[in-house]
Amino acid sequence: MVTRQSHTTIYVLDQDKALEFYQGILGLEVRTDMRMEQGFRWLTVGPKAQPDLEIVLMPVQAGPAMDAETAERIRGLLEKGAMGVGVFETDDIHRDYAEWSAKGVHFVSPPKEQFYGIEALVRDNSGNWFSLTQRKKG
């Protein structure tokens, strides 16, 4: 029986640039950064307040998981901004919006009241979009 999800994957165009974004701007911490066989880099990050989750920053490249044609298609989807990675929650969306905007983060939409809280849509430096959400209290 499955008891929890420990890892999830975000495809990225460049691991170093993705690390700058997810660690340097979003404030996630590095969980694992190591080289494996044939130079493959296993790079994971996660929210400090959620130590049991690792987000794999997976480079889009041909290898055991995908052929060159598939890698090129995924790269194209990323560059178009057609891939979403889910929801990141925050305790202060207006603070994050101001700080991240000042750092050049691309917001697809600014913070807006929704029935579940306040949400802004963000695009990372690989083209992935995600929801930044501050849940309603209560």
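How exposed is Tyr 97, buried or partly exposed? At 28% relative accessibility, Tyr 97 counts as partly exposed, on a scale where buried means under 20% relative accessible area, exposed over 50%, and partly exposed in between (1.4 Å probe, protein chains only).

## Ground rules

This is a predicted model, so local features need pLDDT of at least 70 and side-chain atom pairs count only at pLDDT 80 or more, while totals for chains, interfaces and linings use all residues. Residues are numbered from 1 along each chain as its sequence is written, and side-chain values use heavy atoms, with hydrogens and water left out.

## The sheet and its helix

Let's start with an open, mixed sheet of 4 strands, ordered S1-S4-S3-S2. Strands here are DSSP runs of E, at least two residues, and helices are runs of H or I, at least four, numbered from the N terminus; two strands pair if DSSP finds at least two bridges between them. S1 (7–12) and S2 (29–35) sit at the edges with a single partner strand each, so one side of each has no neighbour in the sheet. On average, neighbouring strands of this sheet are turned by 25° against each other, direction ignored.

S3 (residues 41–46) and S4 (residues 54–59) pair in the antiparallel sense over 2 bridges, and Thr 44 stands opposite Val 56 in S4. Helix H1 (residues 15–25) lies across S1, S2, S3 and S4, at about 10° to S3. Axes are lines fitted to C-alpha atoms, for helices over the stretch in contact, and angles run from 0 to 180 degrees between N-to-C directions.

## The nonpolar cores

The largest nonpolar core has 24 residues. The term covers buried Ala, Val, Leu, Ile, Met, Phe, Trp, Tyr and Cys residues joined through side-chain atoms within 4.5 Å. Among those with the most contacts inside this core are Phe 21, Tyr 22, Leu 57 and Trp 100. H1 gives the largest share, 5 residues.

## Aromatic pairs

A search of the whole structure turns up 6 aromatic pairs. Rings of Phe, Tyr and Trp (its six-membered ring) pair if their centres lie within 6.5 Å; planes under 30 degrees apart count as stacked, over 60 as edge-to-face and the rest as tilted. Tyr 97 and Phe 107 make an edge-to-face pair, 4.5 Å centre to centre with 70° between the planes. Tyr 97 is in helix H3 and Phe 107 in strand S6 (residues 106–114), so the pair ties together parts that are 10 residues apart in sequence. At 12% relative accessibility, Phe 107 counts as buried. Elsewhere, ring pairs link Phe 21, Tyr 22, Phe 88 and Phe 130 into a cluster.

## Salt bridges

The structure holds 7 salt bridges, each a side-chain nitrogen of Lys or Arg within 4 Å of a carboxyl oxygen of Asp or Glu. One of them joins Arg 41 to Asp 16, with the closest N and O atoms 2.7 Å apart. That pair links strand S3 to helix H1, 25 residues apart. Arg 41 is buried at 10% relative accessibility, whereas Asp 16 is partly exposed at 46%. A network of salt bridges links Asp 16, Asp 33 and Arg 41.

Arg 135 bridges to Glu 89 at 2.6 Å between the closest N and O atoms, connecting strand S8 with strand S5 (residues 84–89), 46 residues apart. Arg 135 counts as exposed, at 56% relative accessibility.

Conventions:
Contact means heavy atoms within 4.5 Å.
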